[in-house]
Amino acid sequence: MLSLQLFSANPKPTLLDSPLNPLLYPKCLKPPKPYSKSKPAPISSVLQWNRKPELAGETPRVVVITSGKGGVGKTTTTANVGLSLARLGFSVVAIDADVGLRNLDLLLGLENRVNYTVVEVLNGDCRLDQALVRDKRWSNFELLCISKPRSKLPIGFGGKALVWLVDALKAREEGSPDFILIDCPAGIDAGFITAITPANEAVLVTTPDVTSLRDADRVTGLLECDGIRDIKMIVNRVRTDMIKGEDMMSVLDVQEMLGLALLGVIPEDSEVIRSTNRGYPLVLNKPPTLAGLAFEQAAWRLVEQDSMKAVMVEEEPKKRGFFSFFGG
């Protein structure tokens, strides 16, 4: 006689059917953990670009990176912004216009590959493409040095020679680069005048201290007298803890003093020294640092001729002592 057994749609599990049944697993093996619905991981904000920036203006865009005061980070800015532009897909030629004291090749790790310079090109000892050093990591980034270390330029070298060099880069058979970045030497002497002559826009690098701001204000006036109206600034080595403690001027104060559009704010980062000593630009570090991300954002704004807005950093309240209750 057949017996009918009803099966429910959702049968109740028994101990024998459970994965926790000790009879199904030897003592040496542990039964799997029962499924438990865990809480979703918190969503972290990650800097991601969903599109390629749109190149504004006529190409090639000749940008001089200057400051007036030495040691504020012009060469570091040139190396990191240049490689950031190359990573975004644009062709870049970086010119180290510091005669006798070049350092851009060191920051890029290309010091052993510089065999010819602009001086040899002008003397007819080599071609322009031989003096250009192509980066092995990003083939659309090239370095061009004006002269070799501890050497002097010929008397006839000046702004017209650099203008001829930029025109020669525009007329290359491979095509004109999208960006020509000129690393300007410190000071406002003949080297400064030579570096700014072919440029049509400028990036002014400064730090939030009074000596750098005085030189930056002077350089801004010289750039405007030379006909360069598109001037943006990068504030380097910013420390929010000192700003909150009223020991450093804020970025908003710097912008109000100079009256320039803000291209980027670079925080103080000890990794800058390590990357400089290794000859490995900061923007190539993995994982990226805050300073590296700030350089990438500045490069993005440079492509689209955009600027950022400074915000007020709240000051920390001063600690009140015991005698403050008595007006002290």
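Residues are numbered from 1 along each chain as its sequence is written. In this predicted model, local features need pLDDT of at least 70 and side-chain atom pairs count only at pLDDT 80 or more, while totals for chains, interfaces and linings use all residues; side-chain values use heavy atoms, with hydrogens and water left out.

Q: How do you know that strand 2 and strand 5 pair?
A: Strands pair if DSSP finds at least two bridges between them, and strands themselves are DSSP runs of E with at least two residues, numbered from the N terminus. Strand 2 (residues 92–96) and strand 5 (residues 179–183) have five bridges and run in the parallel sense, so they meet the definition. Within this pair, Ala94 stands opposite Leu181 of strand 5.

Q: Why is strand 4 called largely enclosed?
A: Buried means under 20% relative accessible area (exposed is over 50%, partly exposed is in between; 1.4 Å probe, protein chains only). Five of the five residues of strand 4 are buried, so the rest of the structure largely encloses this strand. Phe141, Leu143 and Cys145 point one way, while Glu142 and Leu144 point the other way. In a regular strand, side chains alternate between the two faces of the sheet.

Q: What makes strand 1 largely enclosed?
A: Six of the six residues of strand 1 are buried, so this strand too is largely enclosed by the rest of the structure. Strand 1 pairs with strand 5 in the parallel sense over five bridges, and four bridges join strand 1 to strand 6, also parallel. Ile65 has Val203 as its bridge partner in strand 6.

Q: Why is one group of 46 residues called a nonpolar core?
A: A nonpolar core is a set of buried Ala, Val, Leu, Ile, Met, Phe, Trp, Tyr and Cys residues joined through side-chain atoms within 4.5 Å. The largest such core has 46 residues, and those with the most contacts inside it are Ile95, Leu144, Ile182, Leu223 and Met233. Helix 5 (residues 159–170) gives the largest share, five residues. Helices are DSSP runs of H or I with at least four residues.

Q: How do you know that helix 7 touches helix 9?
A: Contact means heavy atoms within 4.5 Å. Leu213, Ala216 and Asp217 of helix 7 make this contact with Val254, Met257 and Leu258 of helix 9. The axes of helix 7 (residues 210–225) and helix 9 (residues 251–258) come within 10 Å and cross at roughly 35°. Such axes are lines fitted to C-alpha atoms, for helices over the stretch in contact, with angles from 0 to 180 degrees between N-to-C directions.

Q: How do you know that the predictor's confidence is below 50 over residues 1–32?
A: pLDDT is the predictor's confidence in each residue, from 0 to 100. Over residues 1–32 the pLDDT is below 50. For the protein chain, the mean pLDDT is 83, and 77% of residues reach 70 or more.
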